[in-house]
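Subject: Structure handover

Hello,

Here is the structure for your files. My notes on what was found in it follow below.

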Amino acid sequence: MDSRPSGIVAFLFTDIEGSSRRWEEDRDATAAIVEAHDRIITAAVEAQGGVVFSSAGDSFAAAFHTASDAAGAALEAQHGLQGVLPVRMAVHVGPAQQRDGDYFGPTLNRCGRLRDAAHGGQVICSQAVVDLLADQS
């Protein structure tokens with residue numbers, strides 16, 4: 001049985017700010033830092049019950065059953081990355097389709113746009129996530 005979230009899914013997208021410049025300036029140091037980054041992100045996602053479904057270069061995409069789990073993973077990861085790397089993150093929730101072990105649809109597009117608008121060390125949450133988190137308070 002596949003335990004990946006389906007239907008309404010919360011997503012966390014991450015990306016290292018300025019990674020291209022870092023790679024060009026010092027490949028060895030960047031490789032070590034990115035390795036630490038990967039461990040921190042993966043551990044935070046797994047600790048909150050999420051699943052990393054995509055990683056490319058220094059970006060991660062993870063799916064969660066709830067917005068609070070996705071936001072919790074983002075905060076845990078940012079805490080672990082503090083002073084290590086400037087990572088921009090976004091959390092969004094909405095309907096998502098699955099095909100061949102991957103997700104697609106407008107919810108993912110919006111999460112990617114939010115991540116791209118963030119700065120290193122910042123987590124941007126969509127209004128849908130803010131509303132869900134407020135309802136839990």
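Phe11, Phe13, Phe53 and Tyr103 are linked into a cluster by ring pairs. Rings of Phe, Tyr and Trp (its six-membered ring) pair if their centres lie within 6.5 Å; planes under 30 degrees apart count as stacked, over 60 as edge-to-face and the rest as tilted.

Before the details, some conventions. This is a predicted model, in which local features need pLDDT of at least 70 and side-chain atom pairs count only at pLDDT 80 or more, while totals for chains, interfaces and linings use all residues. Residues are numbered from 1 along each chain as its sequence is written, and side-chain values use heavy atoms, with hydrogens and water left out.

Aromatic rings

There are four aromatic pairs in the structure. One of them joins Phe11 and Phe53 edge-to-face, at 5.8 Å centre to centre and with 75 degrees between the planes. Phe11 is in strand β1 (residues 7-16) and Phe53 in strand β2 (residues 51-56), so this pair ties together parts that are 42 residues apart in sequence. Helices (H or I, at least four residues) and strands (E, at least two) are DSSP runs, numbered from the N terminus.

Phe11 is buried, at a relative accessible area of 0%, and Phe53 is buried at 14%. Buried means under 20% relative accessible area, exposed over 50%, and partly exposed in between (1.4 Å probe, protein chains only).

Phe11 also pairs with Tyr103: the ring centres are 5.2 Å apart and the planes are at 80 degrees, so this pair is edge-to-face. It links distant parts of the chain, with Phe11 in β1 and Tyr103 in strand β5 (residues 102-104), 92 residues apart. Tyr103 is buried, with a relative accessible area of 4%.

Elsewhere, Arg99 lies over the face of Phe104, 4.1 Å from the ring centre. The rule for a charge over a ring is NZ of Lys or CZ of Arg within 6 Å of the ring centre and within 35 degrees of the ring normal.

Strand pairing

Two strands pair if DSSP finds at least two bridges between them. β1 pairs with strand β4 (residues 87-99) in the antiparallel sense over ten bridges, and Leu12 stands opposite Val91 in β4. β4 also runs parallel to strand β6 (residues 123-125), joined by three bridges; there the partner of Val91 is Cys125.

β4 and β5 are antiparallel, over three bridges, with Gln98 partnered by Tyr103 in β5. These two strands form a hairpin with two residues between them, and Asp100 in the turn has a positive phi of about 50 degrees.

Cysteines

How many disulfides are there? The count is zero, a disulfide being a pair of cysteine sulfur atoms within 2.5 Å. The sulfur of Cys125 is 9.3 Å from the closest cysteine sulfur, in Cys111, too far for a bond. Cys111 is buried, with a relative accessible area of 0%, whereas Cys125 is partly exposed at 30%.

Helix α2

Helix α2 (residues 27-47) has 21 residues and reaches 30 Å from its first C-alpha to its last, close to the 30 Å expected at 1.5 Å a residue. That expected span is 1.5 Å times one less than the number of residues. Thr30, Val34, Ala36, His37, Ile41, Ala44 and Val45 are buried in α2. They cover an arc of only 165 degrees around the axis, which puts them on the same side of α2; the arc is that of the directions from the helix axis to the C-beta atoms. The face turned away from this buried side carries the exposed residues Asp28, Glu35, Arg39, Glu46 and Ala47.

Regards
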